[in-house]
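Take a look at the chain below, and then we can go through some of its parts together.

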Amino acid sequence: LSVEEQASVKDLEDIAGPVTVTGDPLLPLGTDGSADPLEGQGVPAPAATALTMAGDEVALGSGAGVGQVLVMLAHWCPVCQQEVPVLTDYVAANGVPAGVELVAVMTGLDPGRPNWPPDEWLEREGLEAKVVRDSAEGDLMRAFGVNAYPAWVAIAADGTLVGRRTGLLDDASIAALLGSVAG
């Protein structure tokens with residue numbers, strides 16, 4: 001590597017962020033495509049904070065005070081690599097409803113796998129969303145009860161879980177998820 005390339009190489013410690021989680025973690029969502037057993041039950045989401053690459057703190061879950069859709073993305077995941085352009089195109093064409101935050105969570109961090117560093121990958125893709133960093137251990141994934149990539153978590157402004165999904169979503173599913181938390 002050239003001196004410039006060596007200077008721009010990011011280690012796991014450069015990307016993984018400190019996160020804080022308060023409240024009970026959500027029960028895990030199955031990966032078999034079955035319905036979310038917590039959907040529509042008024043279950044409070046945990047409150048969490050995470051950092052952007054610039055170091056700005058972002059409130060997630062019941063601490064946010066605004067409807068949120070979190071999309072958990074692993075930079076090396078082939079399905080995530082398919083999902084990001086779909087989501088990018090959807091947001092460019094339709095925007096995000098008023099009163100809703102779309103937050104991309106960089107998780108599943110592994111500097112030895114493709115699209116490292118993930119913040120540069122999402123920037124290249126042009127994704128218009130707040131982008132935050134999960135911990136190296138995946139604390140945000142665990143807190144929100146998801147264990148597959150990509151994973152989607154919809155949280156109402158009052159901090160209750162609206163629903164969770166895993167896998168590749170089409171435009172109609174993205175619209176429905178964003179609309180489900182719109183005030």
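In strand β7, Ala-154 is the bridge partner of Val-69. Before going further, please note that this is a predicted model, in which local features need pLDDT of at least 70 and side-chain atom pairs count only at pLDDT 80 or more, while totals for chains, interfaces and linings use all residues. Residues are numbered from 1 along each chain as its sequence is written, and side-chain values use heavy atoms, with hydrogens and water left out.

**Strand β7 and its partners**

Helices (H or I, at least four residues) and strands (E, at least two) are DSSP runs, numbered from the N terminus. Two strands pair if DSSP finds at least two bridges between them. Strand β7 has such links to β4 and to β8, as the table shows.

| Strands | Bridges | Direction | A bridge pair |
|---|---|---|---|
| β4 (residues 67-74) and β7 | 5 | antiparallel | Val-69 and Ala-154 |
| β7 and β8 (residues 161-166) | 5 | antiparallel | Val-153 and Arg-164 |

How many residues lie between β7 and β8 in their hairpin? There are 5, and Gly-159 in that turn has a positive phi of about 90 degrees.

**Helix α3**

Helix α3 covers residues 78-94, 17 residues in total, and reaches 25 Å from its first C-alpha to its last. That is close to the 24 Å expected at 1.5 Å a residue, where the expected span is 1.5 Å times one less than the number of residues. The helix buries Cys-80, Glu-83, Val-84, Leu-87, Thr-88, Tyr-90 and Val-91. These residues cover an arc of only 165 degrees around the axis, which puts them on the same side of α3; the arc is that of the directions from the helix axis to the C-beta atoms. The face turned away from this buried side carries the exposed residues Pro-78, Asp-89, Ala-92 and Ala-93. Among the elements covering the buried residues of α3 are β4, β5 and β7. Just after the helix, Gly-95 takes a positive phi of about 70 degrees.

Tyr-149 is partly exposed, at a relative accessible area of 26%. The structure holds 1 aromatic pair, and Trp-76 and Tyr-149 form it edge-to-face, with 5.3 Å centre to centre and 80 degrees between the planes. Rings of Phe, Tyr and Trp (its six-membered ring) pair if their centres lie within 6.5 Å; planes under 30 degrees apart count as stacked, over 60 as edge-to-face and the rest as tilted. Trp-76 lies in the loop between β4 and α3 and Tyr-149 in the loop between α5 (139-143) and β7, so the pair ties together parts that are 73 residues apart in sequence.

Note on methods. Buried means under 20% relative accessible area, exposed over 50%, partly exposed in between (1.4 Å probe, protein chains only). Contact means heavy atoms within 4.5 Å.
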